[in-house]
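Hi everyone, thanks for making time this morning. I'd like to walk you through one model and the ring pairs, core and helices in it.

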Amino acid sequence: MPKVKRVSTSSVPRPEPAAPSRPLRPPALPRIARRGIPEGALPALALFAAVRVAGIILVIVTNAVRGHPLLKSLAHSWDSRWYLHIAAQGYGHKIWITPQGAVQSDWAFFPLYPGLIRALTTVLPFTPGQAALLISWIAAGVAAYGVYVIGHHLYGRGVATALVALWAVMPHSVELTIAYTESLFAALAVWSLYCVLKGRWVWAGALAALAGLSRPSGFAVAGAVCIAAAYEVVRQRGRAPAGVWAGAMLAPLGWLGYVLWVGSRTGDLLGGYFKVQSAWDSRFDFGVGSARFTKALLLHGGGAVYPAALVIVAAGVLLFALLCLERAPLALVVFAGILVLLVVGGSGSFSSKPRFLLPAFPLLIPMARALTRTWRVRPAHAVVVYGGLTVMSLLFGAFVTVVAHSPL
């Protein structure tokens, strides 16, 4: 009987196992949301929280000493009353006629913050004031974390910690913890800029659109996203991914949408919003108003708030020049530059100008790097400098919110 040769089956193709079906994935979150907390973030955030809680306590104590309701200056200062009224009654229900006869309406205030206040009071047993403070405090923490993440991404742990620490003790940092829009705007701006740095363009545009719904200067974020996107398109010779274009188109929609809505309500689609702002003496006059104020202050003097505001604005201009010399990323330079330009070239109450610079955290990068170098060589000197800045910030914050009668 003939032998049958054994045939190797190693070369015989076998059917591939069926690939398991995968569920559809949602759009990817920004990478920082999927990774762990960066090294050193918790101590930096603890320092930020400690400084700002100390500021809140000092405001409450100052209210008690002056016989005011303890939380009055936190929840019901100046613009806070307008936001709370919009949250409760909606737009078109409150106006103020100035001694000069100008009619100031609530359309000057952007809708995101009062909308969040109203949403929170709808689902939780909070008063509008309590909801406003809770939103501001949470947003301040989110913004501080974003500042740390950007600093860590660009310069490492030491500079990131110094950046958050300095942002906590800016002269008007008290306004991160009162019922104002600064903390909400800062949170949205910081994370939009982080998404630009990481190439998450759609997220950057979406967050910029929300920032544009939070306050008039929100278009600074849109400007930063759009200019950074334009640079990316030029760098890639027009072959940039679709996400870059989508982010640039999304970024200005929030600010532009509200401006056009106000224009439609006033009967002047393109100019109505700017007429509303003009009644508040808020317009871009290329620095004429700032120059007049500076001249009057130097000739006739003023209370403590106005000279301090002038010094802070001048320091902001100097810090912007140093930021440019640092060769910081384009998006950060553009964002800070637009805010500085608005402060210097815009009219309005000069005592309010320092808070417009509060979200411009990139201005602190040169100081943060210098403080980090000092800490490595002479830590005692760094502690003394930061301690002095902290004391000045806490005292000045309590003064401007409780004692001074100048607009915030």
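I'll start with the ground rules, then go from the whole chain down to single residues.

This is a predicted model, where local features need pLDDT of at least 70, side-chain atom pairs count only at pLDDT 80 or more, and totals for chains, interfaces and linings use all residues. Residues are numbered from 1 along each chain as its sequence is written, and side-chain values use heavy atoms, with hydrogens and water left out.

So, how confident is the predictor? pLDDT is its confidence in each residue, from 0 to 100. The chain's mean pLDDT is 88, and 90% of its residues reach 70 or more. Residues 1-26 fall below 50, and beyond near neighbours in sequence that stretch has one contact in the model, contact meaning heavy atoms within 4.5 Å. Where pLDDT is low, the predicted coordinates should not be read in detail.

Now the overall picture. The chain comes to 19 helices and two strands; these are DSSP runs numbered from the N terminus, helices being H or I with at least four residues and strands E with at least two. Of the 408 residues, 48% are buried. Here buried means under 20% relative accessible area, exposed over 50%, and partly exposed in between, with a 1.4 Å probe and protein chains only.

The largest nonpolar core has 124 residues, and Phe48, Tyr113, Ile117 and Trp167 are among those with the most contacts inside it. A nonpolar core, for us, is a set of buried Ala, Val, Leu, Ile, Met, Phe, Trp, Tyr and Cys residues joined through side-chain atoms within 4.5 Å. Helix α6, residues 128-155, gives the largest share of this core, with 13 residues. Isoleucine 117, leaving aside neighbours within four places in sequence, touches Leu84, Ala87, Pro128, Ala131, Ala132 and Ile135.

On to the rings. How many aromatic pairs does a search of the whole structure find? There are 19. Rings of Phe, Tyr and Trp (its six-membered ring) pair if their centres lie within 6.5 Å; planes under 30 degrees apart count as stacked, over 60 as edge-to-face and the rest as tilted. Take tryptophan 191 and tyrosine 194: their ring centres are 5.5 Å apart and the planes sit at 75 degrees, so this pair is edge-to-face. Both lie in helix α8, residues 182-197, three residues apart, or about one turn of the helix.

Phenylalanine 293 and tyrosine 306 make a tilted pair, with 5.7 Å between centres and 50 degrees between planes. Phenylalanine 293 is in α14 (288-300) and tyrosine 306 in α15 (305-325), so the pair ties together parts 13 residues apart in sequence. Tyrosine 306 counts as partly exposed, at 23% relative accessibility. There is also an aromatic cluster formed by Tyr91, Phe110, Tyr258, Trp261, Tyr273 and Phe274.

Back to α8 for a moment: 15 of its 16 residues are buried. Just after this helix, glycine 199 takes a positive phi of about 75 degrees.

Let me finish with threonine 177, in the loop between α7 (157-168) and α8. Is threonine 177 buried or exposed? It counts as buried, at 4% relative accessibility. Leaving aside neighbours within four places in sequence, threonine 177 is in contact with Arg52, Ile56, Leu74, Leu133 and Trp137. From isoleucine 57, threonine 177 is 120 residues away in sequence and 11 Å away in space, C-alpha to C-alpha.

Methods: pLDDT = per-residue confidence, 0-100.
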